[in-house]
Amino acid sequence: MSQDSIPVIDLGPFLTGDAAARHDVARRFGEAFETFGFASIVNHGVDPALVERMYSEAARFFAQPFADKLDWIPPEQTKGRGYLPLGIESVAATLAGETPPDLCEALVFASLQRERAGQGLPNIWPTEPPTLGESVNAWFDAMYLLCQRLMRLSALALELPDDYFEASHREPSLTLRFVNYPDQPEAPREGQLRYGAHHDYGGLTILRPDQAPGGLQVCGLDGQWRDVNAPADAFVINVGDLMARWTNDRWRSTLHRVVNPPRTLTGSTRRLSLVAFTGPAAGTEVACLPSCCSAEQPPRYAPVEAGAYIRAKLDRSMQISTPAADLPAVHGPDRSTQPC
């Protein structure tokens, strides 16, 4: 796998083409996930002006003083909403045990559909910038629509009726996570990354990266880490564990990480990513799809309840003892994260 070999899939023919064109896009979409577990999509239907607006609003939030952002930290140990400061999470811990905390901060919004209906735990809504809430709601609607398109595309790619995932994704698990990777004036500790090596937990992840140095890498079938480069207007899509289980590992939940920028660079190396973690509704039983198993290839995994599976992963990633007075200090052993 070369540096630029993550497949680029044009969704245009799927959105506006005939049946043959739709099936051709689905075939290439499925092949990308069988081979790499990652793909870039272009002509995806998301308004570029909304992308720019959401990026700008998220950047304004993270540019605030640290003390102001602390007002938006949720009280619970496993923080699935609100502001997550640097030093409280290590995603590599879901694979490798105790690891140094990740060098990023995040702002998280979960299950806006349920919140709008007055159900579940409400999100935490910062008041600065003043238009952040409006932008987040518009972004959620755009990611919800894109998720529906991707699940119809996935069904066709997996030789299923195109509405196969409709019931499980009518009210999907859709979490928005805006991730800021600050400049690194001091060298990271040994084995510490912007985001440690991990597999995503859910269905399909939708990522809008920027072009700053110190970015996403994936582990290839040859065991080598390689950069992920995508067209400037593309979203990067990857397979999470639940989708891999659903497909009996036909689609790969690929190990990936976000690396530190080279220490020799001058100027800002700050990076900002807009991430939407998608998956089936929490109560969905995820069992092997009928098109992904046979007498020769029986199911590899027992069925799991989607929400319980995700919660267990989040709990593991946030089992870091970080006194509030020490934030954003870094804690953890000086050893490498999960090897590729």
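**View 1. Asp24, Arg27, Arg28 and Glu31 are tied into one network of salt bridges.** A salt bridge here is a side-chain nitrogen of Lys or Arg within 4 Å of a carboxyl oxygen of Asp or Glu. This is a predicted model, where local features need pLDDT of at least 70, side-chain atom pairs count only at pLDDT 80 or more, and totals for chains, interfaces and linings use all residues. Residues are numbered from 1 along each chain as its sequence is written, and side-chain values use heavy atoms, with hydrogens and water left out. Asp24 pairs with Arg27, with the closest N and O atoms 2.6 Å apart. Both sit in helix α2, three residues apart, or about one turn of the helix. (Helices, H or I of at least four residues, and strands, E of at least two, are DSSP runs numbered from the N terminus.) Asp24 also meets Arg28 in a salt bridge, at 3.4 Å from N to O. Those two are four residues apart in α2, so about one helical turn separates them. Asp24 is partly exposed at 32% relative accessibility, and so is Arg27 at 41%. (Buried means under 20% relative accessible area, exposed over 50%, and partly exposed in between, using a 1.4 Å probe and protein chains only.)

**View 2. Arg226 and Asp222 form another salt bridge.** Their closest N and O atoms are 2.9 Å apart. Asp222 is partly exposed, with a relative accessible area of 44%. The count of salt bridges comes to 19.

**View 3. Glu34 sits in helix α2, which covers residues 19–35.** Its relative accessible area is 35%, so Glu34 is partly exposed. Leaving aside neighbours within four places in sequence, Glu34 is in contact (heavy atoms within 4.5 Å) with Arg250, Trp251 and Arg252. Now look for Tyr301, 267 residues away along the chain: the C-alpha atoms of Glu34 and Tyr301 are separated by 18 Å.

**View 4. Arg245 is buried but has no salt bridge.** The nearest side chain of opposite charge, Asp241, is 7.2 Å away. (Lys and Arg count as positive, Asp and Glu as negative; His and the chain ends are not counted.) Arg245 belongs to helix α8, residues 241–246. Beyond its neighbours within four places in sequence, Arg245 touches Val286, Cys288, Tyr301, Ala302, Val304 and Tyr309.

**View 5. The largest nonpolar core has 64 residues.** A nonpolar core is a set of buried Ala, Val, Leu, Ile, Met, Phe, Trp, Tyr and Cys residues joined through side-chain atoms within 4.5 Å. Helix α7 (residues 132–157) supplies the largest share of this core, 14 residues. Trp139, Met143, Leu176, Phe178 and Phe235 have the most contacts inside the core. Leaving aside neighbours within four places in sequence, the contacts of Phe178 include Met54, Phe62, Trp139 and Leu274. A second, separate core of 20 residues includes Leu84, Leu216, Val218 and Val258.

**View 6. The largest pocket is lined by 43 residues.** On a 1 Å grid over the protein atoms alone, a pocket is an open set of points where a 1.4 Å probe fits, with protein on both sides within 12 Å along at least five of seven lines; lining residues have an atom within 4 Å of a point. Ala110, Ser111, Ser173, Thr175 and Leu314 lie nearest the pocket's centre. Helix α9 gives the most to the lining, with six residues.
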